[in-house]
Amino acid sequence: MSSYRDMIGDWDRAVRAIEQRDWLSALSHLSRITDPGSKICFTLGCVRLRTGDLPGALKAFDQTIAKDDRLAICFFQRGAVHLRLEMLDEALGDFKHALNNLRGNSVIDYTQLGLRHRLHSWEVLYNLAAVYSRLGQWLEAQQSLEDAVQSRTQGSNTELERALDMVKRNNTFEPVDVPEGIVFKPRKHEVDELNMKDFLGTPKVISSVDPNDSFAGFKPLCPRKLGEQVVRGTRGYHYLPIDFTPKTASEVEAKAGSVVFVLENGEDGWSTVIANNQRGLIPTAYLEVWAGSRGNKQRQVPGNVSQTAPQAPASRPTGTEGAAHSKTVTSAARSGKDCLLPETVIIKVHYEYTVATRVQPGITYTDLLSNFKSKLGRQSGQIQLSYKDEEKQELIMIRGDEDLDRMWNQIVDRRLTLWCKCTDPLSGRQVLYQTLALYDYNGPGAEDMEFNEGDIIDVLSEVNEEWLEGHSNGNIGIFPRCFVSPRSSVIADS
């Protein structure tokens, strides 16, 4: 079974070959994907259609619809294949399904899903008339073309009028299909992640009281030797007589009595310090030279500063050794060196949309799963989380707490990315009612669902008086209630 990274790579290479009209190379890349999704199956069907392999194209479109039976454009393409194979009843059924999946919209724009194409209702009606004409049902063909003329509010109707004239003279005409080379493409950020990235870089000492110190691992800051003089705000240890609460992201919090290490004193009255294992700014006026830096033996050393620096850790501490650290130490698989787990981690999950949450390392697998089930609106047992092993460059499924322990090794800059795989997004969900989009909506948040004016939206829940959760064009998310208007009463479960 190919990895997720291999799948994206083969898909991207196939798309590039399609852009060069190299259909055989594209077919070779797509055929290597062992478990393709609906978008890749659709792309494979389009390639086989261009190579003249109609049975192969039909099989690929069958697989697409089996994975996503709401994809109107796939019914449209499969209808074109059935028509070429002279399977007229099947073609008629496909075009009717395509029209139903338009849900009363005059057009569906697939750009957000990675397909730069807009499927118009008049195109479906045009092909429907082409099938009726071949079945000798001339009145139905004429009616379908007249509906197409009314549906096409923009552009020239010359093609439709010519077809209508041919039907009135009991002549057939050729159908239309998706233009050559129009296929689903992988998302840009997924392709960008194919290139290996060195997130850690080469470690180096950025501050040390010992000029000969070259240790690049993790250990607490070491106080100066007694007797060394330090002026307030200059490089060295200081303490805060009062609390300092940050107001911007560049500032760092420090409590009264805590000891910080000043890296640099700016001319603007702010000092760059390391406090609580974080680097940030504190006003110089808040700092007092710590007693140990002035050689004053009468002052008591605050309890949060070690008198001597520990040796560089060689292995993961356990028992009483682990208690000596201010944070848990874990073995980092990517670098082969020890690293400190932060107190909290921002986890981003790629799903049909992207959600993010802040958790504490050490959370149980059950609690983590429940957290994201709640955010994704999934029922029990319907999601599978995976993380990417940066060393192997493949997705690793998370099945329990043991996998979760290895997952924390992939943290970079207090952040971690997961992938979520689940069943049909509407499986187990009830559609309360449908609404009609009154305006275009491009939501700023990761949980927002984007849509265009005229789209039909399935409402899944009412978040509050101002926001709804819904489904449209294969996406699930929230959107403002004022952007839509109720279309019908309560409908059956989806």
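In which strand is asparagine 265 found? The first legend answers this, and the views that follow treat further sites of this predicted model.

**Figure 1. Asparagine 265 in strand β4 of the predicted model.** Asparagine 265 belongs to strand β4, which spans residues 259–265. Arginine 235 stands 30 residues apart from asparagine 265 along the chain, and the C-alpha atoms of the two residues are separated by 7.5 Å.

**Figure 2. Crossing of helices α1 and α3.** Helix α1 comprises residues 4–19 and helix α3 comprises residues 38–50; their axes come within 12 Å and cross at roughly 30 degrees. Angles under 35 degrees count as roughly parallel, and α1 is therefore roughly parallel to α3. The crossing in which α1 passes α3 is left-handed. On the α1 side, the contact involves Met7, Trp11 and Ile18, which meet Lys39, Ile40, Thr43 and Val47 of α3. Sorted by class, the residues of this contact are five nonpolar, one polar and one charged.

**Figure 3. The buried residues of helix α9.** Helix α9 covers residues 158–168, and its buried residues are Leu160, Ala163, Leu164 and Val167. These residues lie on the same side of α9, because the arc they cover around the axis is only 100 degrees. Just after α9, asparagine 170 adopts a positive phi of about 60 degrees.

**Figure 4. Serine 386 in strand β12.** Strand β12, residues 383–389, contains serine 386. The relative accessible area of serine 386 is 9%, and this residue is therefore buried, the limit being under 20%. When neighbours within four places in sequence are left aside, serine 386 is in contact with Leu395, Ile396, Met397 and Ile398, and also with Leu418 and Trp419.

**Figure 5. Isoleucine 411 in the loop between α14 and β14.** The loop that holds isoleucine 411 runs between helix α14 (401–407) and strand β14 (415–422). Isoleucine 411 counts as buried, because its relative accessibility is 11% and the class takes in values under 20%. Valine 345 is 66 residues apart from isoleucine 411 in sequence, whereas in space the two residues are 7.9 Å apart, C-alpha to C-alpha.

Key. Residues are numbered from 1 along each chain as its sequence is written. This is a predicted model: local features need pLDDT of at least 70, side-chain atom pairs count only at pLDDT 80 or more; totals for chains, interfaces and linings use all residues. Side-chain values use heavy atoms; hydrogens and water are left out. Axes are lines fitted to C-alpha atoms, for helices over the stretch in contact, and angles run from 0 to 180 degrees between N-to-C directions. Helices (H or I, at least four residues) and strands (E, at least two) are DSSP runs, numbered from the N terminus. Angles under 35 degrees count as roughly parallel, over 145 as roughly antiparallel, 65 to 115 as roughly perpendicular and the rest as oblique. A crossing is left-handed if the near helix is turned anticlockwise from the far one by less than a right angle, and right-handed if clockwise. Contact means heavy atoms within 4.5 Å. Ala, Val, Leu, Ile, Met, Phe, Trp, Tyr, Cys and Pro count as nonpolar, Asp, Glu, Lys and Arg as charged, and the others, Gly among them, as polar. Buried means under 20% relative accessible area, exposed over 50%, partly exposed in between (1.4 Å probe, protein chains only). The arc is that of the directions from the helix axis to the C-beta atoms.
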